[in-house]
Structures are given as C-alpha cells and as structure tokens.
Amino acid sequence: TPRVLSGIQPTGHLHLGNYLGAIRKFLPLQDSYPCLFCVVDLHAITAQLVHDDLAAQTRSIAAAYLAAGIDPERSIIFNQSRVSGHAELAWIFNCVARIGWMNRMTQFKDKAGKDRENASLGLLAYPSLMAADILVYRATHVPVGEDQKQHLELTRDIAIKFNNDLSVRIEALGLGKPIAMGEETVHGYFPITEPIIEGPATRVMSLKDGTKKMSKSDASDLSRINLTDDSEGIARKIKKAKTDPDSLPSEEAGLQGRPEADNLVGIYAALAGTSKAAVLSDFGGKQFSEFKPALVDLAVSALGPVTAEMRRLMDDPGHIDAVLKAGGEKANAIAEETMRDVKSILGMLQD
Ligand code: AQP
C-alpha cells in the first residue's frame, strides 16, 4: 500500500528552495495517498546540539505545512522526537548500513567540512535516521529536493540489505510481501522507497551564485528568499539577484551555461505551475529588467498568502502543539506495528 512521508529540519528560516522543492509538492499528494509530514527535530541536533529556539522553529515548520494547505485531519503532522520508533529503528539500521556507505554521503562531507574527526557521530549516521523516518512507516514515496537523492538511495540500500539478510526469518514469520522495485517485484518486509523529485525547481540555487544551492546556512541573506520575507524584501532580493548581461533565450537549450538565468526561469516556472519552455516562450528575447519585475509580482502573489497564514498560525502556538500531539499519536500507532515486526524478525524478546 502506498504511503508518503517527508520531513524538514527545524533549523533556521524556511526558504524558497524548501517551499518549491518540498512543501508545495506535498499538497496534491494528500489527495491520493495517506501522508505523514514530519518536523525532524532529531536531525536538527546532528550539526549543533543546543538550539535556543528549537520549539519555536519546530512550530514554524508545522505552521508552514498547515499554511501550505496540509490538512491535519487527512495527513499526519508531527515532530519526530515524539515517536520513539524513529530512534529505535535508526539504531537497528546503524547495524545494517556499512560505515563505507555513510562516508560516501556528499552532505556529510559538506557539513563536516575539513575537521571530519570532530563531526558528531549523529551527523555521520544522519542518513540511517532518515531511512528509519521513512521505513518506520513503510513509506513508499518521499517527495524531496534533488539534494536528498543520495540519502534516498541509501534508504533503498538499507531496505534491500535488511530484506535480503533476514529473508528466511521474514518468510518464516509470514511477514514478507510483494515489494515493487522499479519494474520488478521482489519479496521482503520493507518497501523499496521511490523519491519524488520532479518539476522545474527540484534544486533552487542561490540568488547570488547560480552554481550553489539556496540554503538556510548561507551567510548572505540576499542569497535566499525566506518564507518570512515581506513583499519589499522579496522584491529587493530578486532585483539584486545575480544575472548575466544577455537577454533571455527563446528555448531551454539557451539556458545552458547560464546558471543564474536558468535558476530564475526555473523559479518562475515553478511558481506559475508551468515549464521553463513555456516561460521562455513568453519571455524569450526580453531583458532581465523586464523579467525580474514579473518574477517579483509572481513571487509576492504566490508566497504572500502562505507567509501571512504562517504568521497567523504562529500567534496561536497552542493550536500547533495540539496538531503535533494528535499527529504524534497517530504516527506512533503505525511505528509501533513496524517495531513489533522488526523486533520479531531479529528475534528480540517482547511481550
Ligand atoms: N535549494 C533547494 N532546492 C530545492 N529543494 C531544497 N530543499 C532544501 N534546499 C533546497 C529541500 O527541502 C527539504 C527540507 O530539507 P532540510 O530540512 O534537510 O533542509 P536543509 O537541506 O537543511 O535546507 P538547507 O537550506 O539546505 O539547509 P543547510 O543550509 O543546513 O544545508 C528537503 O526535501 C530538501 O531536499
């Protein structure tokens, strides 16, 4: 049975990349699938243990989910640390995954920097916890930005290794089921999760450097549009965004070698719900001086209602806390089933 899960870390302000790459994609999925949307607070402590405002940041991600239109009656919204199954399954996955797999993760290399020996063990094991976030709900689909593709592949590797190494026990307990793996059908306990990485904004780039990902941790606030920016802020950042001196091409191929132009056209396409080709058929031959004001109008009108609703929700933290608590209870019920099965498969004694 299909099930969707995605999560966002409560570390710093949400930006346009998080919105277009992830949050906005959640909405249509809840019409077709059971969905869980998580605020991954256990992930938030991997790079930095102490946060002054973890509770407020957690509420603000939940507010973004709600403001984007996620319906807590239909989808489960919760924070990760409430459901102990995430950490429990992550431990088991630490014993499934190999150290070499973790060492190859580009996010670990980027975030650990040069002083790798001094990075937390949690930062290295981050993808194992992410696999647990997904598989503790036996989720089949995960909408994410392009940067998470490698972690999703590792989630699949963990599921495949668990299914293979424990296949005899899984079958003996009658816990095996047919699992879709691309075109093939295999047998096992955990699904082989598919990432959903689609559309023109799977990797939104910095407004200051079209070769760098738009990121919460970029020192320059001008590099990103935060979901907390007001209309003037959005307009100022788009006007100051780096471009090149040429006019826009009429066809997508003309964006090659022009990362800043490609990024702004991609953002426009994603906000307008269209393709880059369609944007270029309107703006091909036009200068950035004409394109940027159109992008400002579009960004302000698309983001304005979401950010206003986020602010309104943040004025009532009690409501957000109640949503997270109720979501946590529903999530826990599913996670407990998985943990019971997994412990049986491993031969652990339980009641
Ligand atoms: N630039 C981006 N373009 C498209 N999607 C993006 N995502 C993040 N950046 C972009 C997607 O947002 C979701 C949440 O990711 P996260 O909680 O892991 O956030 P993050 O990766 O920590 O965000 P940053 O801004 O990239 O933080 P730092 O600066 O700490 O590295 C995911 O689905 C992610 O793909």
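## Confidence

The protein chain has an average pLDDT of 96. A score of at least 70 is reached by 100% of the residues. This is a predicted model. For the complex, the predictor gives an ipTM of 0.96. The pTM is 0.95.

## Two domains

The protein chain divides into two parts. Domain 1 covers 4–197 + 316–343, and domain 2 covers 221–313. Their C-alpha centres lie 30 Å apart.

The domains touch. On one side, 14 residues of domain 1 take part; they are in contact with 11 residues of domain 2. The most come from α3, with four residues. By class, this side of domain 1 has 10 nonpolar, three polar and one charged residues.

## Around the ligand

The shell around the ligand holds 20 residues. Gly17, Gly21, Gly145, Ser215 and Ser217 come nearest. Helix α1 (residues 16–32) supplies the largest share of the shell, four residues. The shell has 11 polar, five nonpolar and four charged residues.

## Asp133

UniProt lists Asp133 under "binding site", in an unreviewed entry. Asp133 sits in helix α7 (residues 121–135). Asp133 counts as buried because it has 27 C-beta neighbours inside 10 Å, and the cut-off for buried is 20 or more.

Leaving aside residues up to four places away in sequence, Asp133 touches Leu5, Gly7, Cys38, Val40, Gln80 and His86.

Definitions and conventions
Residues numbered from 1 in each chain as written. Predicted model: local features only at pLDDT ≥ 70, side-chain atom pairs only at ≥ 80, totals over all residues. pLDDT = per-residue confidence, 0-100. Near = placed C-beta within 6 Å. Helix = DSSP H or I, 4+ residues; strand = E, 2+ residues; numbered from the N terminus. Nonpolar A, V, L, I, M, F, W, Y, C, P; charged D, E, K, R; others polar. UniProt positions renumbered as here; feature names shortened; annotations may be inferred. Buried ≥ 20, exposed ≤ 12 C-beta atoms within 10 Å, placed from the backbone. Contact = placed C-beta atoms within 7 Å. Domains from an automatic or database assignment.
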